[in-house]
Amino acid sequence: MEILDQIDKYWNTLFEDTAAPAQRIFITIASLVIILIIQYIINKSILRRLKPYLKQTWKKNISYSGMVLFFIIILIIWLPHLRGFFTLFGIIGTGILIATKEVIVNFLGWFYIVIRRPFEIGNRIMIKDFAGDVTDIRLLEFSMIEVKKRNEGGQSTGRIIRVPNGLLFTHPMANSSKEFSLYWNEIIVTLTPDSNWKKAHKILEQLSKKNILQILPSDPRLKTAKNKHAIFYQRTEPKIYTEFQNGKIVLTLRHLSQPKQLRDISDAVWKELLDKFSKHKDIKLT
């Protein structure tokens, strides 16, 4: 009990206005040293086990967390001596808050990314009018390599887009690589009304089996989507739908695929499809 009483007495003395500044300076420096040592230990023991593309993100997160913790410690230690400052800050605080609103929102957005983890580096996401593969996550913004729209192939343009973190609070975000890392893609083939659609249907079916990797119901990605997000599909194999629209026969090949493979699959299917159709005069594309 005597030890606890001594600690309590020392703690109360430390945070009195009359406490020696030397004590506060010593504890401030000691806190900084301890935080740096903890960061060093974490970097050496944990980061070495992570994949290369995750190391940079975790290193930044650890650094930012240490900065926030040190800032909180400084406030706790020096708060009694900052009463005059906070009185002045309260007078001009509204103006400062308005001027730095976007910075604060972006900072809170970083906390949201770190805690909630709506996306990670390498994920393909879409937010507002931007779509791309995430390459970096920083305190106020995240970066991604822009990709074209899905109906334009979904391939990279090579441009880097920097998006404010605060945008996550005001706009919906779609992640194509995390919750459900597969796309339902459609390859649409239109034929003239007098075409032999049954023959075309059979050719397209054969090519789908040859060029499209079958996603089985037992696939771990489908199980994760079902258990975590109630996403469930009874059919996962490629399927061809037949319709008659605006005087044309429309065959639609619908299949599951990874987002970054869509262009290659469509390319392979269309190359063989055009070659096969050219050998049959009773099949005409529109």
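Q: Which residues are exposed on the other side of H8?
A: Asp264 and Lys271 are exposed there. Exposed means over 50% relative accessible area, buried means under 20%, and partly exposed lies in between (1.4 Å probe, protein chains only). Helices (H or I, at least four residues) and strands (E, at least two) are DSSP runs, numbered from the N terminus. This is a predicted model: local features need pLDDT of at least 70, side-chain atom pairs count only at pLDDT 80 or more, and totals for chains, interfaces and linings use all residues. Residues are numbered from 1 along each chain as its sequence is written, and side-chain values use heavy atoms, with hydrogens and water left out.

Q: Which residues of H8 are buried?
A: Leu262, Ile265, Ser266, Val269, Leu273 and Phe277 are buried.

Q: What do the buried residues of H8 pack against?
A: They pack against strand S6 (183-191), H6 and strand S8 (248-257). Contact means heavy atoms within 4.5 Å.

Q: How does the reach of H8 compare with the expected span?
A: H8 has 16 residues and reaches 22 Å from its first C-alpha to its last, close to the 22 Å expected at 1.5 Å a residue. The expected span is 1.5 Å times one less than the number of residues.

Q: Which residues of H5 are buried?
A: Asn106, Gly109, Trp110 and Ile113 are buried in H5. Seen down the axis of H5, its buried residues fall within an arc of 105°, so they line one face of the helix.

Q: Which exposed residues does H5 carry on the face turned away from its buried side?
A: Lys101, Ile115 and Arg116 are the exposed residues there.

Q: What follows H5?
A: Arg117 follows, and its phi is positive, near 55°. Pro118 has its place in the loop between H5 and strand S1 (124-127).

Q: Why does Pro118 count as buried?
A: Pro118 has 9% relative accessibility, so it counts as buried. The C-alpha atoms of Pro118 and Ala174 are separated by 9.2 Å, although these residues are 56 residues apart along the chain.

Q: Why is the pair Glu146 and Arg159 called a salt bridge?
A: A salt bridge is a side-chain nitrogen of Lys or Arg within 4 Å of a carboxyl oxygen of Asp or Glu. The closest N and O atoms of Glu146 and Arg159 are 2.7 Å apart. Glu146 lies in strand S3 and Arg159 in strand S4, so the pair ties together parts that are 13 residues apart in sequence.

Q: Is Glu146 buried or exposed?
A: Glu146 is buried, because its relative accessible area is 16%. Arg159 is exposed, with a relative accessible area of 54%.

Q: What makes Glu141 and Arg162 a salt bridge?
A: Their side chains meet at 3.9 Å, N to O. Glu141 is in strand S3 (residues 141-147) and Arg162 in strand S4 (residues 156-164), 21 residues apart. Glu141 is partly exposed, because its relative accessible area is 26%. Arg162 has 52% relative accessibility, so it counts as exposed.

Q: What makes Asp282 and Lys199 a salt bridge?
A: The side chains of Asp282 and Lys199 meet at 3.0 Å, N to O. Asp282 lies in the segment after helix H8 (262-277) and Lys199 in helix H6 (residues 197-211), so the pair ties together parts that are 83 residues apart in sequence.

Q: How many salt bridges are found in the whole structure?
A: The search finds 10 salt bridges.

Q: Why is Gln39 called buried?
A: Gln39 has a relative accessible area of 15%, so it is buried. Gln39 is found in helix H2. Not counting residues up to four places away in sequence, Gln39 touches Ile62, Ser63 and Gly66.

Q: Why is Ile41 called partly exposed?
A: Ile41 is partly exposed because its relative accessible area is 47%. Ile41 has its place in helix H2 (residues 21-45).

Technical notes:
The arc is that of the directions from the helix axis to the C-beta atoms.
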